[in-house]
Amino acid sequence: MRSRSAQTMIYWLMRAFTYFVLIVIAYIIFDIIRNGMPVLSWEFLTESPRKSGAEGGILPAIVGTLLLVLGTMAAALPLGMASAIYLSEYAKRGRFTEMLRLAILTLAGVPSIVFGLFGLGLFVLFLNFGASIIAGSLTLACMVLPTIIVSSEEALQGVPQSLREGSLALGATKWETIRKNVLPYAIPGMMTGSILGIGRAAGETAPILLTVAAFYLPGLPDSIFDQVMALPYHLYVLATQHPSADLVRPMQYGTALVLMILVMTVNLAAVLIRSRMRKKYRW
Amino acid sequence: MVVTELKAIKVETKVRVRNTDFYYGSEQALYGINIDVPARQVTALIGPSGCGKSTFLRTLNRMNDIIDGTRLVGEVMIDGEDIYNENTDVVALRKKVGMVFQKSNPFPKSIFDNIAYGPRLHGITNKDELTAIVEKSLIRAALWDEVKDRLHKSALDLSGGQQQRMCIARALAVEPQVLLLDEPASALDPRSTARVEELITELRKDLTILIVTHNMQQAGRISDFTSFFYEGRQIEFGPTKRIFTNPGEKKTEDYITGRFG
Ligand SMILES: Nc1ncnc2c1ncn2[C@@H]1O[C@H](COP(=O)(O)OP(=O)(O)OP(=O)(O)O)[C@@H](O)[C@H]1O
Ligand SMILES: [Mg+2]
């Protein structure tokens, strides 16, 4: 009897905690939508800011963030997937690869401001890219690489060994086997994990703060060596650096809402890829 | 003893294994294996679970190479060539020595793409040619009638027995000379088993077949030669009839009659 009531209590406790977390998240989202919606307008989305962001829109910041997401993908996806393929398919299990894995996991836990400083040192100063889209994208790419590698490797490991053996036994080379009988089944999982990682990077402020983000730059960039504004940094500026932060509160909420929608769209894409592919392959 | 028995019936040797040891890391799985597998005959490998039958089969197409830390000592010759020679073309070897695995492994593709997988690898791209190969292989594997109307459906929707035969068809599609079958009839119903056995008897005309089986009646029915493995060693090898009626070793007799294993 006693253990039964303890069971019930634990059950309700867990339930309560879960709901509590959900409520907090729901409240944040609701608050952003409620305060951000009124600001959302065609003008807000398609015009440049005026009066240091107090009026006008946030087009340059939207464009900047989109460019950074694209740049990050272009740099991080091929690199991360190639590393994952190497680790999962080619590297011998041994002390060296274990250390490599440990290093990658550690890298995943490094604070983003440290990546920002690293990007500043390597891309902005040493490679002399200056504060630019390319420097920012590469910095963000470094930050999400561990996530991409780990999730891609997991997706590759999820492909049964028997499919590799079956292919090799028919006279396929290792690379043919990977290309024709491993990657096709692993790619959806690799993409999902990677896109989720990149979605998170889209909302990061610290890494872009030091490598690309412009405080106020109403124009659009001409090349990848230009600076751009970015949503998270613009939000930060509006909220803390603006001379009259209270007055531009609606603009802050609008920016937050746009950023949130953008990140959620990216995540949704990832989830859709996964569920579509799940139906196709099962073993 | 092995040699004289084979000489008496005048068969040529396809696979010759000499003093072969095999190791998984530091653990030895095969000890001093000597065997002459006769060409175009069915050789059955029998023995209790874990005695090294699968390991032995996988040494013949170098499938064990893909497991880290494995090592082979000794000589494995196919058509007189040492397949563990450093100049061996492993891809060509595996094309010549086909394998059907203990657990059937259909690829998550259509039946057609499963069968055409091997031929495509080896450079056949012509659609008609591929179609012909797929049909021929499925007919040989006694599966054609059951699947001819759904070649482009997923192979994963086939029943277990059909999947097993499809894997055999897939192996046949690359025209191997040697076929390694690792318990191809485990988990099959009697009817499918009978079909697979018929198939093996049919294939024997052109191919050298090694088959692992736990079913003594099956070994007796379909094989010409039998090799009995026990704890990583080959205890006895000879014509199936002789092994089953007059085994030379006490262990063989005990195993065949079901006294252990
Ligand atoms: N990948 C591996 N790594 C380490 N040891 C292995 C591996 N595969 C098999 N072994 C060991 O080698 C020995 C022989 O295994 P094998 O699979 O060849 O047996 P088997 O005769 O095919 O058995 P079964 O009839 O159950 O299939 C066993 O002791 C097994 O534990
Ligand atoms: Mg086995």
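**View 1. Arg58(B) and Glu165(A) form a salt bridge, with their closest N and O atoms 3.2 Å apart.** A salt bridge here is a side-chain nitrogen of Lys or Arg within 4 Å of a carboxyl oxygen of Asp or Glu. The rule finds one salt bridge across the interface of chain A and chain B. The model is predicted, so local features need pLDDT of at least 70 and side-chain atom pairs count only at pLDDT 80 or more, while totals for chains, interfaces and linings use all residues. Residues are numbered from 1 along each chain as its sequence is written, chains are lettered from A in the order in which they are written, and side-chain values use heavy atoms, leaving out hydrogens and water.

**View 2. Here chain A meets chain B, with 22 residues of chain A in contact with 26 residues of chain B.** Contact means heavy atoms within 4.5 Å. On the side of chain A that touches chain B, the largest share, eight residues, comes from α7(A). By class, that side of chain A has eight nonpolar, eight polar and six charged residues; Ala, Val, Leu, Ile, Met, Phe, Trp, Tyr, Cys and Pro count as nonpolar, Asp, Glu, Lys and Arg as charged, and the others, Gly among them, as polar.

**View 3. Look next at Leu156(A) and its surroundings.** Leaving aside neighbours within four places in sequence, Leu156(A) is in contact with residues including Ala84(A), Ile85(A), Val182(A) and Met190(A). Both Leu156(A) and Met190(A) are among the residues with the most contacts inside the largest nonpolar core, which has 60 residues. Such a core is a set of buried (under 20% relative accessible area, 1.4 Å probe, protein chains only) Ala, Val, Leu, Ile, Met, Phe, Trp, Tyr and Cys residues joined through side-chain atoms within 4.5 Å.

Methods: Helix = DSSP H or I, 4+ residues; strand = E, 2+ residues; numbered from the N terminus. Buried < 20%, exposed > 50% of the residue type's maximum accessible area, 1.4 Å probe, protein only.
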